[in-house]
Amino acid sequence: MGIVLGANQYGKAETRVVRIVRDTPRHTIRDLNVSTALRGDFAAAHVDGDQAAVLPTDTQKNTAFAYAKRHGVSSPEDYALALSERLLEAAPAATGARVAVDEYAWERIQVDGTGHDHAFVRRGQEVRTATVGRTREAVAVESGFRDLVVLKSTGSEFKGFLRDEYTTLAEADDRILATSLDATWRHRADPEDWDASYAAVRALVMATFATTYSRALQETLYAMGRAVLEAHDDLAEISFSAPNKHHFLVDLAPFGLDNPGEVFVAADRPYGLIEATVTREEP
Ligand SMILES: O=c1[nH]c(=O)c2[nH]c(=O)[nH]c2[nH]1
């Protein structure tokens with residue numbers, strides 16, 4: 001039996017691109033981590049050592065910087081759309097390009113109640129993500145975030161679960177629910193404003209987390225997904241990955257203290273990992 005090359009792709013991972021707009025004294029900043037990959041007919045490079053069709057990863061990195069200037073970064077999605085188009089143009093052997101962008105948010109430093117023109121502080125919350133997958137026929141855009149850490153100190157229970165001889169978990173009527181949420185959502189139409197679309201989905205996810213009584217993290221994920229798809233007709237699907245950051249009640253009885261849901265130990269590992277996609281029914 002012969003040996004053949006299977007699936008392959010190549011590109012430059014984690015190019016750190018920082019774009020400042022300084023046309024006026026009030027600057028803006030977009031801080032990106034950009035990964036590009038090409039796939040297609042690159043068999044000769046693998047099998048014969050022939051680089052004729054290979055657009056170097058160094059060039060892909062340079063293009064990421066050049067496009068931050070030429071095209072600009074009005075949003076991670078818009079930038080990734082432009083960069084993916086250019087990479088397909090530049091590499092005729094490629095059938096597909098994938099551009100994945102992480103964005104780190106900065107906000108203006110407040111001085112005497114106003115945001116400074118050119119001094120910023122890193123906003124330490126989630127990382128925003130955008131991924132464009134482009135072929136010569138089609139383009140798909142996914143937006144999302146990683147590591148949005150949220151917690152509610154009541155309004156969450158977990159009970160009525162299946163028990164067997166290895167089950168020791170006590171039923172919880174009122175527990176802490178905490179997670180470091182990852183989410184990605186797939187667009188079926190481009191919104192007018194990528195930043196506004198991102199902000200709206202993020203806000204809705206958080207509001208639903210806050211206001212939905214949770215009988216399990218599974219129910220919370222579904223509620224968040226349903227709320228997003230109901231409100232945003234332009235989205236096809238949303239997926240969540242949510243580690244259940246367990247908070248266990250500490251037994252303070254040895255110290256003569258009661259503990260009605262006040263002192264917890266935040267456990268590190270292991271953690272439950274709850275994942276779900278919420279999608280639309282086939283027509
Ligand atoms: O929200 C939860 N879902 C589970 O499936 C689960 N399993 C578990 O032990 N605790 C929890 N919590």
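## What you're looking at

This is a predicted model, so local features need pLDDT of at least 70 and side-chain atom pairs pLDDT 80 or more, while totals for chains, interfaces and linings use all residues. Residues are numbered from 1 along each chain as its sequence is written, and side-chain values use heavy atoms, leaving out hydrogens and water.

## The chain overall

Five helices and twelve strands make up the secondary structure count (DSSP runs: H or I of at least four residues for helices, E of at least two for strands). Along the principal axes, the C-alpha atoms fill a box of roughly 75 × 70 × 45 Å.

Of the 283 residues, 39% are buried, meaning under 20% relative accessible area with a 1.4 Å probe, protein chains only. Take the contacts (heavy atoms within 4.5 Å) between residues at least 6 apart in sequence: 65% of them join residues at least 24 apart.

## Two domains

The domain assignment gives domain 1 (9-137) and domain 2 (145-283), with bounds from an automatic or database assignment. Their C-alpha centres sit 30 Å apart.

Where they meet, 14 residues of domain 1 contact nine of domain 2. The two bury about 1,000 Å² between them, 45% of it on carbon and sulfur atoms; that is accessible area (1.4 Å probe) lost on being put together, summed over both parts.

Technical notes: Buried < 20%, exposed > 50% of the residue type's maximum accessible area, 1.4 Å probe, protein only.
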